[in-house]
Amino acid sequence: MESLRKKLRTDDEIHWVDVGKTLREQGIDESETVLLRRKFFYSDQNIDSRDPVQLNLLYVQARDAILDGTHPVTQEKACEFAGIQVQIQFGDHNESKHKPGFLDLREFLPGSYARVKNIEKKVFAEHRKHQGLSDLDAKYLYTKTARELPTYGVTFFLVKEKMTGKNKLVPRLLGVTKSSVLRLDETTKEILKTWPLTTVRRWGASPNTFTLDFGDYADQYYSVQTTEAEQIVQLIAGYIDIILKKKQAKEHFGIEGDEGSTMVEESVAPSKATFLQHEETTPSGKVETQSIAKPAIMRGYDGERPYGTGEMQSMQYGAIVGQVNLAHQPPMLQQTRISTVLSEPQRALVGYISAGQDAINKAEKDLESKAQLPPLGTDPGSLQWREETLDTSKQTVTTHLATMNAATAQVVTASQPDEIDHDAVGAAVSQITQSIPEVTKEVRLIAALMDDDCTGDKLLEATRKLCSAFSDLLKSAEPESKEPRQNLLNAASRVGEASGQVLSSMGEESMESRELHDMLLGLAKAVANTTAALVLKAKSIAAVTEDEATRNRVIAAASQCALATSQLVACARVVAPTIQSPACREQLEAAAREVAKAVAHLVEVCNEATDNQQLRGDLMNAAKDVSKTLAELLEHIKLSSREKARRVDDNPVEEVLVATDILVSASDPQEMIRQA
């Protein structure tokens, strides 16, 4: 398999850089090579000579794929591509210069054709056809011709599938494009079967298998053995998300896709899961059905981002961010401001947010420099003062960070899409605003007292990033904000990451606390994964439910379940660096209780929707898995406390553990709701 994989030039084991993080944050140092490639081939047909940078990137990727055999071509086609490439590299044909022996054919033709006798004459014959063609126009012609190849835009994965009628696994190529999933011959790359992406009903991914369900379009599942299931899921979900964004743009703004704005449909972050439609609902509260199937489950590859269908934030290219042509985007909301009457809590929240942004702006300016200190001696008294001041300031910063993280989690949990507690959000924002100046003052002092100037500068930089994350959070929390909820969750996650960096820069993050932090995020991801599986079972029930009202209730309950889970993951990311704080643990426990309630409600609605014992049994097994992972998370929250873990009757963690136990053992749905 390994030799076949290398021969076929598949995309197995390619690791895409997370454009939301720096290379250093991903463990990529300066000695490693990062290759810039296009991941999603959706709007590349709009790239032409007006955008030379993107055109060149597209040309290089297409050229390399043709030369290394990723795209099989005939000898005639290979000469055609080589002729255009010669025009790009050497300009117009010159009879006295461009003769056999001039070219290094290995750089212009696939290896299988480079040794063919007299083939260089055929290349120059093609070259003559492009007399007068500019470098950019030739690159455009090359990419345009490459798009005509049947394998263009296909991402290949080498998998194993079961032979028909035999208990034997054989190699097969699985391909993913912007519009379909392909089954290809593993030797010739001939397309054997095509399934349109719009027919994908759901999928399942495990460490060793990947399964597609096409609903009524196909009479059975298509399942293969592969260790790259997550990569396949990420790619399919990315294309489906782009399709939906284009569909929504057309419906909402009357524009057709992205003609003229070639890079606006971004590379969907792999960890953005799509649970039915758990974020955007119609005014009636019912989930809007669409002709394009949304996947029921997608697990994030690093567990760091919550499940959601928010705005896409990165480019289609996986390594750099360039300019985006905004000419055909819909008008920004700021251009036409519609005044609305705000309630008293909303007006108060606006005031808190305004004060918070002012405090952040001042803090960012102050954090450009360290505190000014008088000359310190080396006598024992001065050294002792320095040490005691450092310890006190570090403790103060840690305390304030815990307070701000807990307040951030409260902003998340109090900002439900359909019901925002403006008083709670306002109180949380006020708490953040009060803590920012104190953190700024103490950080500047710590930076000045540190022995290493470089370490002090890193601390200031980390704190400025924290301020930037809080600024994004406050912007997303504005009343009547039209930003998608995913922006709020992403901003909250960045607050958690930035606060962790501040603690690490101060030297306050021990190996033990880092392990607890990572374990907490892993357990939160486990809850998200099991909840995703539960939603998948619920969707199966919705699919066989004939009554539309009942089906909509199932979908709405599944959407709420997914929303509660994304909220839990966001809260976990926020409070993980300061989980020893009681306030942080309380916020995370509250988010866990919301998941338990949502799961119980989903089980009740599904049991009312169907009498099929098999579907009910599958649903209950999935609910038990959620209960188990939720209990493990809550147990870890208890153990994360610096105080000795004690089990007492009024402990909120115990309440949720009891509720989840009853959830999976009770047969009465009403009892499940009451206990959860």
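Two residues are said to be in contact when heavy atoms of theirs lie within 4.5 Å. With that term in hand, let us turn to the chain. The model is predicted, so local features need pLDDT of at least 70 and side-chain atom pairs count only at pLDDT 80 or more, while totals for chains, interfaces and linings use all residues. Residues are numbered from 1 along each chain as its sequence is written, and side-chain values use heavy atoms, with hydrogens and water left out.

I begin with the whole chain. It holds 17 helices and seven strands; helices (H or I, at least four residues) and strands (E, at least two) are DSSP runs, numbered from the N terminus. Of its 676 residues, 52% are buried. Buried means under 20% relative accessible area, exposed means over 50%, and partly exposed lies in between, with a 1.4 Å probe and protein chains only. Among contacts between residues at least 6 apart in sequence, 71% join residues at least 24 apart.

My next subject is Thr226. This residue sits in the loop between strand 7 (222-225) and helix 6 (229-253). Is Thr226 buried or exposed? Thr226 counts as buried, because its relative accessibility is 6%. Which residues does Thr226 touch, not counting those up to four places away in sequence? They are Leu158, Val159, Pro207, Asn208, Thr209, Phe210 and Ile232.

Let us move to helix 11, residues 485-506. From its first C-alpha to its last, this helix of 22 residues reaches 32 Å, close to the 32 Å expected at 1.5 Å a residue; the expected span is 1.5 Å times one less than the number of residues. Helix 11 is mostly covered, as 18 of its 22 residues are buried. Gly507 follows helix 11 and has a positive phi, near 80 degrees.

Positive phi brings me to two further residues. Most residues other than glycine have a negative phi. Asn118, however, has a phi near 65 degrees, and Lys189 has a positive phi of about 65 degrees. Asn118 is placed in the loop between helix 3 (75-90) and helix 4 (119-128), whereas Lys189 is found in the loop between strand 3 (180-184) and strand 4 (191-196). Where do they stand in accessibility? Asn118 is partly exposed, with a relative accessible area of 46%, but Lys189 counts as buried at 5% relative accessibility.
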